[in-house]
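Subject: Handover of a structure

Dear colleague,

Please find the structure below, together with its sequence.

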Amino acid sequence: TDTPVTNGKFTIATDTTFAPFVFKQDGEYVGIDLDLLKAIAANQGFEVELKPIGFDGALNAVKSGQADGITAGMGITDERKQTFDYADPYFESAPVMAVKPDSDIETYADLKGQSVAAKTGTTGYDYAEELAKKHGFTVNGFGDSADMYNDVTNGNSAAAFEDEPVLKYGIKVGNLDLKIAGEPGESTEYGFATLKGKNPELIKMYNDGLKEAKESGAYQQIIDRYLKTEQ
Ligand code: GLN
């Protein structure tokens, strides 16, 4: 059930290419994060102006007050909690690496002396950096996932670091000519976020709307729309 739009308009920053959570389809931004935000906004009676500007860009937009909130498969971490307030989690995943289908890289130790691609500001980037120190490789930062994958495809980077469901989805739908290798890093829950202390009413509406979406089945419908395996 939709509530009349009387509870304001919010600018929400997001990633550009992060299917199945955020991506452009037939000229429109869709995905788990955005379908869920849309359902919550309708239910809670607020309007959304979407800013798809990349993950790091989205973090910075919220930090600088250019956006009110962020939904971008953003992991809830203790470090980020110093800067952001989070709504209740709606998903959970961990970063892992992807290599070319014909690559003989199987473990992180096989990356010794090579360079890898990771998305700036992400938990996948941090995971890559941690492994790089241990195994002696270098990490190049990219603003968006498409550029990161290209760098692997064209042979500049030996691997890309990305959240596992994003890689699995891309491989499954045939958008990504890569394979998963190595063990996933630490799993984090995804949460909608605002700048710390700035938008408590928006966090409350998001939480109320998420609860409602779970109770009504809308949440499960959205998850199934993108992730149901049996077709
Ligand atoms: N879940 C990861 C993070 O929180 C990646 C998010 C993204 O790339 N959009 O950093």
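**Helix 8 and what covers it**

In helix 8 (residues 218-227), the buried residues are Ala218, Tyr219 and Ile222. Helices (H or I, at least four residues) and strands (E, at least two) are DSSP runs, numbered from the N terminus. A residue is buried if 20 or more other C-beta atoms lie within 10 Å of its own, exposed if 12 or fewer, and partly exposed in between, with C-beta atoms placed from the backbone. These three residues lie on the same side of helix 8 because they cover an arc of only 110 degrees around the axis, the arc being that of the directions from the helix axis to the C-beta atoms. Gln220 and Asp224 are exposed, on the face of helix 8 turned away from its buried side. Helix 1 and helix 7 (200-216) are among the elements that cover the buried residues of helix 8.

**Basis of the model**

This is a predicted model, in which local features need pLDDT of at least 70 and side-chain atom pairs count only at pLDDT 80 or more, while totals for chains, interfaces and linings use all residues. Residues are numbered from 1 along each chain as its sequence is written. The mean pLDDT (the predictor's confidence in each residue, from 0 to 100) is 96, and 99% of the residues reach 70 or more. The model has an ipTM of 0.98 and a pTM of 0.96.

**Domains and core**

The domain assignment, whose bounds come from an automatic or database source, gives domain 1 (9-92 + 189-227) and domain 2 (95-181). Their centres, taken over C-alpha atoms, are separated by 25 Å. Between them, 12 residues of domain 1 are in contact with 13 residues of domain 2; two residues are in contact if their C-beta atoms, placed from the backbone, lie within 7 Å.

The largest nonpolar core has 70 residues, and those that touch the most other members are Leu36, Ala58, Ile70, Val116, Ala159, Ala160 and Phe161. Such a core is a set of buried Ala, Val, Leu, Ile, Met, Phe, Trp, Tyr and Cys residues joined through C-beta atoms within 7 Å. Helix 1 (residues 32-44) gives the most to this core, with seven residues. At least three residues of the core come from each of domain 1 and domain 2. Beyond four places in sequence, Phe161 touches Pro95, Met97, Val116, Ala118, Gly124, Tyr125, Tyr127 and Ala128.

**Helix 2 and two individual residues**

Helix 2 (residues 55-63) has Phe55, Gly57, Ala58, Leu59, Ala61 and Val62 as its buried residues. Their cover includes strand 1 (9-14), strand 4, strand 5 (69-70), strand 9 and strand 14 (193-195). After helix 2 comes Gly65, with a positive phi near 80 degrees.

Lys51 belongs to strand 4 (residues 47-52). It counts as partly exposed because it has 18 C-beta neighbours inside 10 Å. Apart from residues up to four places away in sequence, Lys51 touches Thr11, Ile12, Ala13, Thr14, Ala61 and Ala67.

Thr120 sits in the loop between strand 9 (115-119) and helix 4 (123-135). With 17 other C-beta atoms within 10 Å, Thr120 is partly exposed. Its contacts, leaving aside neighbours within four places in sequence, are Asp56, Tyr125, Gly141, Phe142 and Gly143. Thr120 and Ala39 are 81 residues apart in sequence, and their C-alpha atoms are 29 Å apart in space.

Yours sincerely
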